[in-house]
Amino acid sequence: MLSRQLGHLTRLVDDLLDVSRITRGKIALTLAPLDLKTVVAQAIETSRPLIDQGHHVLGLQIPAEPVRVRGDAVRLGQVLSNLLNNAAKYT
């Protein structure tokens, strides 16, 4: 449990540092065509321990056809994972 919490705290600090770097123009986003389903699946996988710890049920409805977006896969994953983590913590 301690290891998982430490990993989560490390990711939060890294996220904050990334935001600071982006706002100061020190990091460039890597924009590419993405399948949103893949990004969402990775975010859910990252957040699954916290969701399970809170005994939450996560329902997901996605269209059968691919949903394409142009964006930075890492940053989009971070945003979705943060939203899921906050929902799991404060629900």
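**View 1. Confidence and overall layout of the protein.** The mean pLDDT of this predicted protein, pLDDT being the predictor's confidence in each residue from 0 to 100, is 88, and 100% of its residues reach 70 or more. Confidence is lowest in H1, with a mean of 80, and highest in strand E1 (residues 32-35), at 96. The C-alpha trace spans about 40 × 35 × 20 Å along its principal axes.

**View 2. The packing of helix H2 against helix H3.** Helix H2 (residues 36-53) and helix H3 (residues 73-89) pack at an angle of about 35°, their axes lying 8 Å apart; axes are lines fitted to C-alpha atoms, for helices over the stretch in contact, and angles run from 0 to 180 degrees between N-to-C directions. The crossing of H2 and H3 is right-handed, a term used where the near helix is turned clockwise from the far one by less than a right angle. In contact (heavy atoms within 4.5 Å), residues of H2 including Val-39, Ala-43, Ile-44, Leu-50 and Ile-51 meet residues of H3 including Leu-76, Leu-80, Leu-84 and Ala-88. The residues of this contact divide into 11 nonpolar, 5 polar and 1 charged, where Ala, Val, Leu, Ile, Met, Phe, Trp, Tyr, Cys and Pro count as nonpolar, Asp, Glu, Lys and Arg as charged, and the others, Gly among them, as polar.

View 3. The largest pocket has a volume of about 220 Å³, the volume being the space filled by probe spheres set on grid points that are joined across faces, edges and corners. A pocket is an open set of points, on a 1 Å grid over the protein atoms alone, where a 1.4 Å probe fits, with protein on both sides within 12 Å along at least five of seven lines, and lining residues have an atom within 4 Å of a point. Of the 16 lining residues, Arg-11, Thr-46, Gly-77, Gln-78 and Ser-81 lie nearest the centre. Helix H1 (2-23), H2 and H3 each supply at least two lining residues, with the largest share, 7 residues, coming from H3. The lining divides into 5 nonpolar, 8 polar and 3 charged residues.

**Notes.** Residues are numbered from 1 along each chain as its sequence is written, and side-chain values use heavy atoms, with hydrogens and water left out. As this is a predicted model, local features need pLDDT of at least 70 and side-chain atom pairs count only at pLDDT 80 or more, while totals for chains, interfaces and linings use all residues.

Terms used:
Helices (H or I, at least four residues) and strands (E, at least two) are DSSP runs, numbered from the N terminus.
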